Amino acid sequence: MTDDVTYQDYLELDTLLSLQKPRTAGSAALRSTVLSEQFFIVAHQASELWLRQTIADLEAVIDVFTTTDDTSDAEWIVDLLHRSAGLVHVLHTQLIALDRLPLTDFTLFREVLGTASGAQSEQFHRLARLIGHSKQDGPLYESFAAWVARSGRTVADVARSGIEAGVYYRIIEALLELGNGYFRWQVGHVGLVTKIMGSHAGTGGTSGAEYLLGRCHLPFAELRELRGQAHVGLTVASS
Ligand code: HEM
């Protein structure tokens, strides 16, 4: 056992905790404004860390879908998808925390943001590409459908069979949990933005809330459609 590693060293806390640098600090700004800007920075930095983990987990899922033809890693995939859904929920709750960002402080420190904007988050765009949206599936769903096809089934078969399809079906459930959580996070972001900015334009140059609303998508459209078809022609007597 290595006994010379400390909590501080292992987590590189000196570096991590030196990275929150409110630009209003050292100016004539009130303490309240500096603290609010720090809160804003922490919420965004923490979100980027959780995005990092979510992307890594989903890339591992895609690797399994693309490199295996059996179900030996399928339970791990289910775990990773549930974990990703949990992490997207964490991202959502961090937004909710920002509901407590005082409006006046935000208006005061907003000018130091310049043109910096969440729209420039490379990790967000990477996650969005992996997950896909309502009109275009991403590699996560495409690799899943190809993996199912290599087993001699189709996603439609699995969706129709329900729990009888075992782990294949549990993966569909986990994908939808992730997709719905992702949608709730996006809608929550629009709610936060309208609460604190109304219809004001964003620092990234978009129209703000209106732009963001247009980008809220329910991913995994085919899965939703297939589940809708389960209602057609089914009665208790026929099932
Ligand atoms: C007070 C808090 C926040 C406000 C007022 C806000 C505001 C905005 C606005 C207006 C946009 C549109 C782009 C622009 O013109 O700037 C945007 C985009 C975005 N924001 Fe936020 N945001 C907040 C918190 C967060 C947090 C905590 C995150 C977490 C990472 C985040 C991530 C993003 C992302 C990823 C986009 C791009 C979304 C897309 O292109 O679909 N935002 N934000």
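**Entry 1**

I began at the ligand: one of its oxygen atoms sits 3.5 Å from a backbone N or O atom of G205. I counted a polar contact as a pair of N or O atoms within 3.5 Å; within protein, one must be able to donate a hydrogen and the other to accept it, and residues adjacent in sequence count only if both atoms are side-chain atoms. I then found T203, where a polar backbone atom is 3.4 Å from a ligand oxygen. Y211 uses its side chain instead: an N or O atom there is 3.5 Å from an oxygen atom of the ligand.

**Entry 1: ground rules**

I am working on a predicted model, in which local features need pLDDT of at least 70, side-chain atom pairs count only at pLDDT 80 or more, and totals for chains, interfaces and linings use all residues. I number residues from 1 along each chain as its sequence is written, and side-chain values use heavy atoms, with hydrogens and water left out.

**Entry 2: iron**

Which protein atom is the donor to the iron atom of the ligand? I found a single one, NE2 of H189, at 2.2 Å. Donors here are N, O and S atoms within 2.8 Å of the metal (3.2 Å for Na, K and Ca); water is not among the atoms, so sites may look incomplete. I placed H189 in helix α9.

**Entry 3: the shell**

I looked up S36, which lies in helix α3. Is S36 buried or exposed? It counts as buried because its relative accessibility is 6%; buried means under 20% relative accessible area, exposed over 50%, partly exposed in between (1.4 Å probe, protein chains only). Beyond four places in sequence, S36 touches L101, P102, D105 and F109. A contact is heavy atoms within 4.5 Å.

S47 is also a residue of helix α3. I read 16% relative accessibility for S47, so this residue counts as buried. Not counting residues up to four places away, S47 touches L91 and Q94.

**Entry 4: L140**

I moved to L140 in helix α7 (residues 139-150). L140 has 0% relative accessibility and therefore counts as buried. Leaving aside neighbours within four places, I found L140 in contact with L58, V61, I62, F65, L81, L130, L175, L178 and F220.

**Entry 5: whole chain**

I counted eleven helices and zero strands in the protein chain. Helices (H or I, at least four residues) and strands (E, at least two) are DSSP runs, numbered from the N terminus. The C-alpha trace spans about 70 × 55 × 30 Å along its principal axes. Of the 239 residues, 38% count as buried. Among contacts between residues at least 6 apart in sequence, 74% join residues at least 24 apart.
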